[in-house]
Amino acid sequence: MSTPAGKSFPDHFSALAAEYARYRPGYSDQLIDWVADQAPRRHTVWDCGCGSGQATVALARRFDRVIATDASREQVRRVPESPAVRRVAATAEDSGLRPDSCDAVVVAQALHWFDLPRFWQEVGRTARPGALFAAWSYGMPTFADHGMNALVAQLHNDVLGAYWPIERGQVLNRYRDIVTPFTPVAVPSFAMHATWSLEAFAGYLRSWSAVRRYVDAHGFDPVAPVAAALHADWGDRALAIEWPLAVVAGRVR
């Protein structure tokens, strides 16, 4: 694993790397299959802002080679090792990848953190002609029970509202204001699904960047009372959760 060259970045997740790796949901097979089908060939994909590898592992089953980069060394070292995966600590805007080397560039739940003008240049430099660019994000988790949705929304909006980084607004806006310089590609509707215990869901909530900032400010875990309230309906069962995905895609050159 190589190290990043230089520029500082808004590091909201190194301190949460263990929680992120353990509790963040994976992406749907339908989405990853679509990415692979849209790529002009399945040789090399750049997983930019890979975090702890939620998309990397699935991409490695479809592409010969995955270059997984993240500016956080703590995140990158938690990407599962694989002969098909090269793990690199590097910023999105200065990846160190060879020119014209990628058949696809994907960004899973990270595009809102990037310096977009510089990142678009880096995608143009590293992507082969006709390569696919695809970035996606997910916002609020949803349950069939509206009361449970309201409890989570209260935590997100009321308790944590002042502790979210400003970039979070792009996620809540479903990337509608992000315009790429690439030729648009039509995208089907996708969603992520999981069936989790309350313990796993509480772990996911604690992986939110705003939770860590709240704890640092108040010395109190804001998830604990929400988990206690959810327990009344959740109990010891595993419940289905859905995260709708927002996807931005384009064809490079």
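A salt bridge is a side-chain nitrogen of Lys or Arg within 4 Å of a carboxyl oxygen of Asp or Glu. Asp103 and Arg128 form one, with their closest N and O atoms 3.0 Å apart. This is a predicted model: local features need pLDDT of at least 70, side-chain atom pairs count only at pLDDT 80 or more, and totals for chains, interfaces and linings use all residues. Residues are numbered from 1 along each chain as its sequence is written, and side-chain values use heavy atoms, with hydrogens and water left out.

## Overall build

The chain has 10 helices and 8 strands. Both are DSSP runs, numbered from the N terminus: helices are H or I with at least four residues, strands are E with at least two. The C-alpha atoms fill a box of roughly 55 × 35 × 35 Å along the principal axes. The radius of gyration is 18 Å, which agrees with the value near 18 Å for a compact globule of 253 residues. That radius is taken over C-alpha atoms, and the globule rule is 2.2 Å times the number of residues to the power 0.38.

Of the 253 residues, 55% are buried. Buried means under 20% relative accessible area, exposed over 50%, and partly exposed in between, using a 1.4 Å probe and protein chains only. Contacts are heavy atoms within 4.5 Å. Among contacts between residues at least 6 apart in sequence, 78% join residues at least 24 apart.

## Salt bridges

Side chains of opposite charge can pair when their charged atoms come close. The structure holds 10 salt bridges. The table gives three of them.

| Pair | Closest N to O distance |
|---|---|
| Asp103 and Arg128 | 3.0 Å |
| Glu81 and Arg87 | 3.6 Å |

Arg62 is buried at 13% relative accessibility. Asp33 is partly exposed at 33%.

Asp103 forms its salt bridge with Arg128. This pair also links distant parts of the chain, with Asp103 in strand S4 (residues 102-108) and Arg128 in strand S5 (residues 127-138), 25 residues apart. Asp103 has a relative accessible area of 2%, so it is buried. Arg128 is buried too, at 18%. Elsewhere, salt bridges that share partners join Asp29, Asp33 and Arg62 into one network.

In the pair of Glu81 and Arg87, Glu81 is exposed at 69%. Arg87 counts as buried at 18%.

## Helices H2 and H3

Which residues of H2 are buried? They are Leu31, Ile32, Trp34, Val35 and Ala36. These buried residues pack against H3, S4, S5 and strand S8 (239-251).

Thr56 lies in helix H3. Thr56 is buried at 1% relative accessibility. Beyond its neighbours within four places in sequence, Thr56 contacts Asp47, Cys50, Val66, Ala68, Val79 and Val85.

## Helices H6 and H10

Helix H6 (residues 146-159) packs on helix H10 (residues 223-234) at an angle of about 180 degrees, with the axes 10 Å apart. That makes H6 roughly antiparallel to H10. Angles over 145 degrees count as roughly antiparallel, under 35 as roughly parallel, 65 to 115 as roughly perpendicular and the rest as oblique. The axes are lines fitted to C-alpha atoms, for helices over the stretch in contact, and angles run from 0 to 180 degrees between N-to-C directions.

From H6, Met148, Leu151 and Leu155 meet Val223, Val226, Ala229, Leu230, Asp233 and Trp234 of H10. By class, this contact has 8 nonpolar, no polar and 1 charged residues. Here Ala, Val, Leu, Ile, Met, Phe, Trp, Tyr, Cys and Pro count as nonpolar, Asp, Glu, Lys and Arg as charged, and the others, Gly among them, as polar.

Pro222 is found in the loop between helix H9 (209-218) and H10. Pro222 is buried at 4% relative accessibility. Leaving aside neighbours within four places in sequence, Pro222 touches Leu155, Val159, Leu160, Val211, Tyr214 and Val215.

## Strand S2

Arg65 lies in strand S2. Arg65 is partly exposed at 28% relative accessibility. Apart from neighbours within four places in sequence, Arg65 contacts His43, Thr44, Val45, Ala84, Arg86 and Arg98.
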